[in-house]
Amino acid sequence: MRSVPQQSNTLLISLALAAILGLTFLLRMKFWNQPFQMDEGVYGYIGWGMLDGLVPYKDVFDHKPPGIYLLYSLVFLLTEPSALNVKVFASIYTLGTALAVFLLTRKVAGTKAGCLSALLFGIFSCGPKIEGGGVNAEIFMILPYTFAAYFLLQAAETDKRKSYFLAGLFTGVACTIKQVAVVNVLWIAAFLLFRIWRRRTEKTVGEIAADGVAVAVGMVLPWIPFVLYFYLNDALRPFFYWQVSFNVGYMDQGPKYLENLTILYKQMKMILSENLVLWLLALVGLSFLWRGVSEPEGSYSDKVLQSSE
């Protein structure tokens, strides 16, 4: 049985989380009366059309992943097609992200840090200058993305292949919502190489490679239903074109955008005016993480990578 102090502590944590989630929800209510922005309108149109048999990429153009349309379609299936319903859904969905942030940070730095991180997320993630009150793809992407980080840390602690698989699975889910989530693959690969370089595991190189395969399998699984859907609707070719060929060509135009560094500077200046405190705190946190990685035995990195002990 739990002792009275333990029960009291659990109650306080639960109350703190409830207050944080309540604040997170309330901060987003002020954006409920806003109409869709341009991209959001496209997601809404395609999601609504899917209920009537419209096939993305075949019947209507867009180059975003299909997961974002599916989420909008789900909202319209359960309610009525309106911007308000999507915004209410996104507000509830964001509570899951706040909980994920709490779980992730608690695993690294304890319960108090978890609550603080969830609070900071709830406040800063809805900033109007980063379109935090909208219902764009990023709002939905960060939930599975955060869980991918959580399971990667769990893999560091347990060295179990299941955790690597789940890290890949949630990365794959995030990629079905926003392509930029694929960057997480680089972090996972760097982590696996780090374990080989610092000899943080008793596994052989082949076993670590098998962990990498588990990550890859997890990433592919969320895409299988979509590929099957587009195949059955004779839309596999346009699906791959708009998801792969078009976006590769889109990225090839990158050097042209170097001329717009002035615009980037202005955008970052605007963002920092709203989130400067958060960025400074992030730099402080990174400095502590770097100290932990660079220190020898008994360091913070050894605590994170417990499986090598």
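A salt bridge here is a side-chain nitrogen of Lys or Arg within 4 Å of a carboxyl oxygen of Asp or Glu. The pair links distant parts of the chain, with Asp211 in helix H9 (residues 205–220) and Arg161 in helix H7 (residues 161–175), 50 residues apart. Helices are DSSP runs of H or I, at least four residues, numbered from the N terminus.

Before I go on, the model is predicted: local features need pLDDT of at least 70, side-chain atom pairs count only at pLDDT 80 or more, and totals for chains, interfaces and linings use all residues. Residues are numbered from 1 along each chain as its sequence is written, and side-chain values use heavy atoms, with hydrogens and water left out.

Is Asp211 buried or exposed? Asp211 counts as buried, at 1% relative accessibility, while Arg161 is partly exposed at 38%. The cut-offs are under 20% relative accessible area for buried, over 50% for exposed, and partly exposed in between, with a 1.4 Å probe and protein chains only.

By the salt-bridge rule the count comes to four. Another of them joins Lys107 and Glu157, at 3.3 Å from N to O. Lys107 lies in helix H4 (residues 83–109) and Glu157 in helix H6, so this pair ties together parts that are 50 residues apart in sequence. Lys107 is partly exposed at 23% relative accessibility, and Glu157 is partly exposed at 24%.

Next, Lys64 forms a salt bridge with Asp39, the closest N and O atoms being 3.7 Å apart. Lys64 sits in the loop between helix H2 (38–50) and H3, Asp39 in helix H2, and the two are 25 residues apart. Lys64 is buried, with a relative accessible area of 10%; Asp39, at 29%, is partly exposed.

Back to helix H6 (residues 137–158), which also holds Ile142. Ile142 is partly exposed, at 26% relative accessibility. Leaving out residues up to four places away in sequence, Ile142 touches Thr97 and Phe121, where contact means heavy atoms within 4.5 Å. Ile142 and Ala98 are 44 residues apart in sequence and 9.9 Å apart in space, C-alpha to C-alpha.

Last, the surface. Which residues make the nonpolar surface patch of about 530 Å²? They are Trp48, Leu51, Leu74, Leu77 and Leu78. Helix H3 (residues 66–78) gives the most, with three residues. Leu74 is in helix H3 and is partly exposed, at 38% relative accessibility. Patch residues have over 30% relative accessible area and no salt bridge; like charges are joined within 9 Å, nonpolar side chains (Val, Leu, Ile, Met, Phe, Trp, Tyr) within 5 Å. Accessible areas come from the Shrake-Rupley method with a 1.4 Å probe; for residues, only the protein chains shown count as cover.
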